[in-house]
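These are my notebook entries on one protein model, written in the order in which I looked things up.

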Amino acid sequence: MKMFRDFKDFLQRGNVVDLAVAVVMGAAFTAIVAALVADFINPLIAIFIPSGSLDALMFTVGNSKFTYGHFIGAVINFVAIAFVVFLIVMGINKMMKKKPANTKDCPYCGSTIPDSAVRCPNCTTLLDADKVPEELR
Ligand SMILES: [Zn+2]
């Protein structure tokens with residue numbers, strides 16, 4: 001019973017579920033990018049390669065095969081993943097960056113404060129004495 005309780009504590013500690021979701025999404029995302037590279041980018045590159053395939057590029061020394069085409073494919077795969085992740089992060093940052101709604105700048109200290117503020121919360125300057133409720137004057 002104690003083991004079950006410890007396991008429950010483990011699951012509730014930190015962001016285990018968030019991490020699990022991130023890992024699963026990352027695996028699914030990797031499959032998409034790998035398919036993009038395999039189905040679109042590699043054929044595009046193969047147009048310019050006489051042998052017709054990146055994987056076919058290799059040279060041999062003695063009995064050893066050096067498949068440098070496969071290595072180039074892996075590098076392209078990495079660059080494609082990094083670029084797509086960059087685009088996604090840029091998009092998310094754009095979505096997350098909200099314009100501060102209904103704010104103004106304090107004319108005395110220059111800090112950004114709510115439009116409805118009567119007194120600056122930073123320098124405590126009274127900004128609009130007319131709007132101060134009678135009982136607070
Ligand atoms: Zn101020």
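Entry 1, domains. I looked up how the protein is divided and found domain 1 (2–96) and domain 2 (103–136), with bounds that come from an automatic or database domain assignment. The C-alpha centres of domain 1 and domain 2 lie 52 Å apart. I note that residues are numbered from 1 along each chain as its sequence is written. I also note that this is a predicted model, in which local features need pLDDT of at least 70 and side-chain atom pairs count only at pLDDT 80 or more, while totals for chains, interfaces and linings use all residues.

I counted helices and strands as DSSP runs numbered from the N terminus (helices: H or I, at least four residues; strands: E, at least two). The protein has three helices and four strands, and from the N terminus on they run α-α-β-β-α-β-β.

I looked up the radius of gyration, which is taken over C-alpha atoms, with a globule rule of 2.2 Å times the number of residues to the power 0.38. The protein has 29 Å, whereas a compact globule of 137 residues would be near 14 Å. Along its principal axes the C-alpha trace spans about 95 × 55 × 25 Å.

I call a residue buried if 20 or more other C-beta atoms lie within 10 Å of its own, exposed if 12 or fewer, and partly exposed in between, with C-beta atoms placed from the backbone. By this rule, buried residues make up 3% of the 137 residues in the protein.

Helix α3 (residues 68–96) has 29 residues and reaches 42 Å from its first C-alpha to its last, close to the 42 Å expected at 1.5 Å a residue; the expected span is 1.5 Å times one less than the number of residues. Two of the 29 residues of α3 are buried, and the helix is hardly covered. Helix α1 (residues 2–12) lies largely in the open, because the number buried among its 11 residues is zero.

After α1 comes G14, with a positive phi near 60°. R13 sits in the loop between α1 and α2 (16–46), and R13 counts as exposed because 8 other C-beta atoms lie within 10 Å. How far apart are the C-alpha atoms of R13 and D115? They are separated by 40 Å, and the two residues are 102 residues apart along the chain. T124, in the segment after β4 (112–114), has a phi near 60°, a positive value in a residue other than glycine. T124 is exposed, because it has 9 C-beta neighbours inside 10 Å.
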